[in-house]
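Q: I'd like to learn how to read a model like this one, feature by feature. Could we go through it together?

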Amino acid sequence: MLKKLLTPLKMGNTTLPNRVIMAPLTRSRAGQPGDIPNALNVEYYTQRASAGMIVTEATQVSRQGQGYALTPGIYTDAQEAGWKKVVQAVHAQYGHIALQLWHVGRISHSLLQENGAAPVAPSALIAKDAQCFVIQPDGTAENVPTETPRALATEELPGIVEQYRQAAVRGQRAGFDFLEVHAANGYLLQQFLSTNSNQRTDAYGGSLENRARLTLEVLDAVIEKVGAKQVGVRLSPHFMGMDIADSEAEASALYLAKAFTERGIAYLHIAEPDWIGGPELTAVFRAQIRAAFNGVLIFCGGYTADEADALIDQGTGDAVAFGRAFIANADLVERFRQGAALNTPDRTTFYGGGAHGYTDYPVLDLQPA
Ligand SMILES: Cc1cc2nc3c(=O)[nH]c(=O)nc-3n(C[C@H](O)[C@H](O)[C@H](O)COP(=O)(O)O)c2cc1C
């Protein structure tokens, strides 16, 4: 019997009907041209509206912030209008939805950038063994190694913050309940946070406080536009993909968690590293994060319903996000309620394609009570 997972949760000014959060999931099916959410994307998110809250797939805040072809953006009028349709459809099903704001930094390629520019990063250091996804001039879509980025000048950083600010304005106009700043998984903000990828000597590099500066400036810009109660942040301490190796990962996360508390943001979303080969987070660190942050704390990564329920019951976190389970089970909450078996996700249809593997997983045959 689940004790807590299916109970309501107050978050910001909103009450979520349950604590089963849909994790952000890149599915590479945005409408083309223009990376615009389309009718198929509306259907996909609407099917999953019974989640306590949906976090959208990572959504680039600018063309510069894109690292994979076919991911959606939130920097043009058409993209904003596309997202508005997603939000309206989810709200019509009484769902809640957050937009994940994304800048990939060095996880990109000149083929994705305006005028073939180099990707940007805190320092001109390539992400070894990292890949991005491009469409070649002849139309072939393929994974390719990322390119060596150009280090952002100090004077350019207000422009980066501005990209997030504008994206937040568009996100709010589209009607999102929350905006999630993506500071996880090796993208721009984590590149600034991490000791190995940030070799800067200005006010954005060196000390932990300096490395965290851009994340907090971005957060403050988003808060300024939408208010702290509508904002969340995703962090992935100890994440080791994308050539990230942060020797101060825990101290940095704790410093940020305290800064988030001071700002009164709605939630902190911890993407755990172990599902992708990183270490397990320790109980001590989880308790420290819990003590440092006073908003809603969400954990994500490899959970079953029982494990998630126990985590919440023990007070370690308030909610749990599910990724791959939501890909394959639009009615995940109902399946948890019934203790029903789950469909198995098909990895071959995770990224790209059409309705197959996206909107056509079977759902439970609900009998009227
Ligand atoms: C296909 C796929 C796409 C993902 N896309 C994103 C993303 O856009 N943003 C993000 O923060 N995490 C992303 N993740 C990570 C998930 O949000 C989540 O942390 C991970 O799947 C572990 O949770 P799970 O074991 O419940 O699947 C992705 C994971 C998968 C499998």
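A: A salt bridge here is a side-chain nitrogen of Lys or Arg within 4 Å of a carboxyl oxygen of Asp or Glu. Keep in mind that this is a predicted model. R170 and E80 make such a pair, with their closest N and O atoms 2.8 Å apart.

Q: Which parts of the chain does the R170 and E80 pair tie together?

A: R170 belongs to helix α3 (residues 157–174) and E80 to helix α2 (residues 77–92), so the bridge ties together parts 90 residues apart in sequence. Both R170 and E80 are buried.

Q: Where do R290 and D318 lie?

A: These two also form a salt bridge, with 2.8 Å between the closest N and O atoms. R290 is in helix α7 (residues 283–292), while D318 is in the loop between α8 and β14 (319–322), so parts 28 residues apart in sequence are tied together. For burial, the cut-off is under 20% relative accessible area. D318 counts as buried because its relative accessibility is 14%, whereas R290, at 26%, counts as partly exposed.

Q: How far apart are the closest N and O atoms of D313 and K3?

A: They're 3.0 Å apart in this salt bridge. The pair links distant parts of the chain: D313 sits in helix α8 (residues 305–313) and K3 in the segment before β1 (9–11), 310 residues apart. As for accessibility, D313 is partly exposed at 32%, and K3 is exposed at 57%.

Q: Which backbone atoms lie 2.8 Å and 2.9 Å from polar atoms of the N198 side chain?

A: The backbone oxygen of F192 is the one at 2.8 Å, and the backbone nitrogen of R200 is the one at 2.9 Å. Leaving out residues up to four places away in sequence, N198 touches P122, S123, Q191, F192, Y204, G205 and R211.

Q: How about the nonpolar side: which members of the largest core touch the most other members?

A: Look at L214, L235, F260 and F322, out of the 84 residues in that core. Helix α5 supplies the largest share of this core, 9 residues. Apart from it lies another core, of 17 residues, including A127, C132, V134 and V144.

Q: What is L214 in contact with, leaving aside neighbours within four places in sequence?

A: Its partners are L157, I160, V161, L188, L189, F192 and Y204.

Q: Last stop, the ligand. Which residues come nearest?

A: Of the 18 residues around the ligand, T26, R234, G302, G323 and R324 come nearest.

Q: How much of the ligand's accessible area does the protein cover?

A: It covers 94% of the 620 Å² that the ligand has on its own.

Note on methods. Residues numbered from 1 in each chain as written. Predicted model: local features only at pLDDT ≥ 70, side-chain atom pairs only at ≥ 80, totals over all residues. Heavy atoms only, no water. Polar contact = N/O pair within 3.5 Å; in protein donor to acceptor, adjacent residues only side chain to side chain. Contact = heavy atoms within 4.5 Å. Core = buried A, V, L, I, M, F, W, Y, C linked by side-chain atoms within 4.5 Å. Buried < 20%, exposed > 50% of the residue type's maximum accessible area, 1.4 Å probe, protein only. Helix = DSSP H or I, 4+ residues; strand = E, 2+ residues; numbered from the N terminus. Near = heavy atom within 4 Å. Areas by Shrake-Rupley, 256 points an atom, 1.4 Å probe, with all protein chains shown as cover.
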